[in-house]
Amino acid sequence: MNGEERKILISSIVLVVTLILVVVGTTYAFFSLQIEGENTTTNVELIAGEQNEITLSGGITNYHINLDVSDMTEDKRGYEYYGTTDSNKKYETELVSAYQDIGTFTKKGTLTEEYGCYVDINIDLGGNMAELLQNGDLRLEVKQGSFSEGYDLSEYTGKQEFKFNLSNSNMEPIKAYLRFDNRDDDQSYLAGKELTVSIKIDNFRCTNTPFGYPT
């Protein structure tokens with residue numbers, strides 16, 4: 001792009017995002033999952049016979065990214081816009097405030113082991129922008145403890161498996177953010193388009209074999 005060229009302005013981009021936590025009841029070795037209203041209780045049957053309960057619950061509402069012409073000008077190339085639940089904001093601009101708690105673990109009793117756990121992250125895109133996204137436009141980042149995974153939503157939708165460890169000392173929530181990038185490239189193909197993003201977490205299961213921590 002030479003000095004005479006300008007990044008084509010985007011009239012508006014509206015991301016209407018629904019983050020829902022849904023846990024599907026299934027039986028796995030050492031675990032029995034049950035639906036209990038909005039929470040899902042996982043009964044952990046330890047090898048010693050002792051039982052502990054881990055409950056996974058959560059979800060957020062009013063999560064959005066609203067962009068207009070002023071956000072997509074050439075002088076703002078390289079800007080990153082994160083989703084927010086603050087109705088007074090169009091988006092967040094700092095990573096420190098971008099992560100949202102979308103799944104919270106609570107335990108009853110004491111876990112005597114560390115567990116390797118999984119959830120399925122189901123990503124569904126709708127609206128007239130869904131088929132137009134290109135690499136680097138929109139990214140979902142999911143994190144729990146030391147484990148994190150990023151998904152470029154131009155490539156990764158449908159069911160994605162996310163793994164992490166849980167232990168008595170690590171019951172951190174599952175966190176996530178969505179990020180839209182004002183890239184160096186022409187993004188006029190997104191002008192005036194809308195996108196809905198639905199993210200559901202289900203199929204929470206664990207084994208008594210933890211994963212090696214990422215380095």
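User: Which residue does Glu92 form a salt bridge with?
Analyst: Glu92 pairs with Lys89, and their closest N and O atoms sit 3.3 Å apart. Keep in mind that this is a predicted model.

User: Is Glu92 buried or exposed?
Analyst: Glu92 is buried, at 10% relative accessible area.

User: OK, and how many salt bridges does the structure hold?
Analyst: There are 10 salt bridges. One of them joins Asp71 to Lys90, with 2.9 Å between the closest N and O atoms.

User: Where do Asp71 and Lys90 sit in the chain?
Analyst: Asp71 is in the loop between β6 and β7, while Lys90 is in the loop between β7 and β8, 19 residues apart. Asp71 counts as buried because its relative accessibility is 1%, under the 20% cut-off. Lys90, at 32%, counts as partly exposed.

User: What does Asp120 pair with?
Analyst: Arg205, with the closest N and O atoms 3.0 Å apart. Asp120 is buried at 4%, and Arg205 counts as buried at 10%.

User: Which residues does the network there join?
Analyst: Asp120, Glu161 and Arg205, through salt bridges that share partners.

User: Switching topic: how many helices and strands are there?
Analyst: Zero helices and 14 strands.

User: And how much of the protein is buried?
Analyst: 45% of the 215 residues count as buried. The accessible surface is about 10,500 Å², with 44% of that belonging to carbon and sulfur atoms.

Notes. Residues are numbered from 1 along each chain as its sequence is written. This is a predicted model: local features need pLDDT of at least 70, side-chain atom pairs count only at pLDDT 80 or more; totals for chains, interfaces and linings use all residues. Side-chain values use heavy atoms; hydrogens and water are left out. Helices (H or I, at least four residues) and strands (E, at least two) are DSSP runs, numbered from the N terminus. Buried means under 20% relative accessible area, exposed over 50%, partly exposed in between (1.4 Å probe, protein chains only). Accessible areas come from the Shrake-Rupley method with a 1.4 Å probe; for residues, only the protein chains shown count as cover. A salt bridge is a side-chain nitrogen of Lys or Arg within 4 Å of a carboxyl oxygen of Asp or Glu.
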